Amino acid sequence: MLSHHLLLLLLPLALASSLPRIDDPCYRANTNCFRNEDGNFLGMIPYMKDIWACELACRDTAGCAWFTWYKQDGFHMCYLLTACAHPATDENGVSAKLEECTPDTTPTIRPTWTPPHEQ
């Protein structure tokens, strides 16, 4: 049986994994770049748990330069965008310009590196 002290030590770890990480300085909190009338929409991905996954989806999408990770009722939506001409202040949104984000080392659909050629 686990002691209550061990449970208290493990609780922050369990909670941290369930909360989204918004730690890259490129992420603009309280910002929504998705607007139907701007014509900047490439696609959307529902139920995107973490913002870094939204960033990686943008990296893997041709023409994606911006993304908005938006809190819906009970889940997050990832909007893939070509631009952010008219950012709106919105407490449910976090947006970023892809070129300002720190490249992630998590594997993507298309490798970001070129493997050595076999001879």
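This is a predicted model: local features need pLDDT of at least 70, side-chain atom pairs count only at pLDDT 80 or more; totals for chains, interfaces and linings use all residues.
Local features need pLDDT of at least 70, side-chain atom pairs count only at pLDDT 80 or more, and totals for chains, interfaces and linings use all residues. Residues are numbered from 1 along each chain as its sequence is written, and side-chain values use heavy atoms, without hydrogens and water.

Reader: Which side chain of opposite charge is nearest to Asp 24?
Author: Asp and Glu count as negative, Lys and Arg as positive; His and the chain ends are not counted. Asp 24 has no salt bridge, which would need a side-chain nitrogen of Lys or Arg within 4 Å of a carboxyl oxygen of Asp or Glu. The nearest side chain of opposite charge, 6.3 Å away, is Arg 59.

Reader: How many aromatic pairs are there?
Author: Rings of Phe, Tyr and Trp (its six-membered ring) pair if their centres lie within 6.5 Å. Planes under 30 degrees apart are stacked, over 60 edge-to-face, the rest tilted. By this rule, the count of aromatic pairs is four.

Reader: What is the angle between the planes of Tyr 27 and Phe 67?
Author: Both residues are buried. Their centres are 6.2 Å apart. The pair is edge-to-face, with the planes at 80 degrees.

Reader: Is Tyr 47 buried or exposed?
Author: Tyr 47 pairs with Phe 75, which is partly exposed at 22% relative accessible area. For Tyr 47 the relative accessible area is 62%, so this residue is exposed.

Conventions: Buried means under 20% relative accessible area, exposed over 50%, partly exposed in between (1.4 Å probe, protein chains only).
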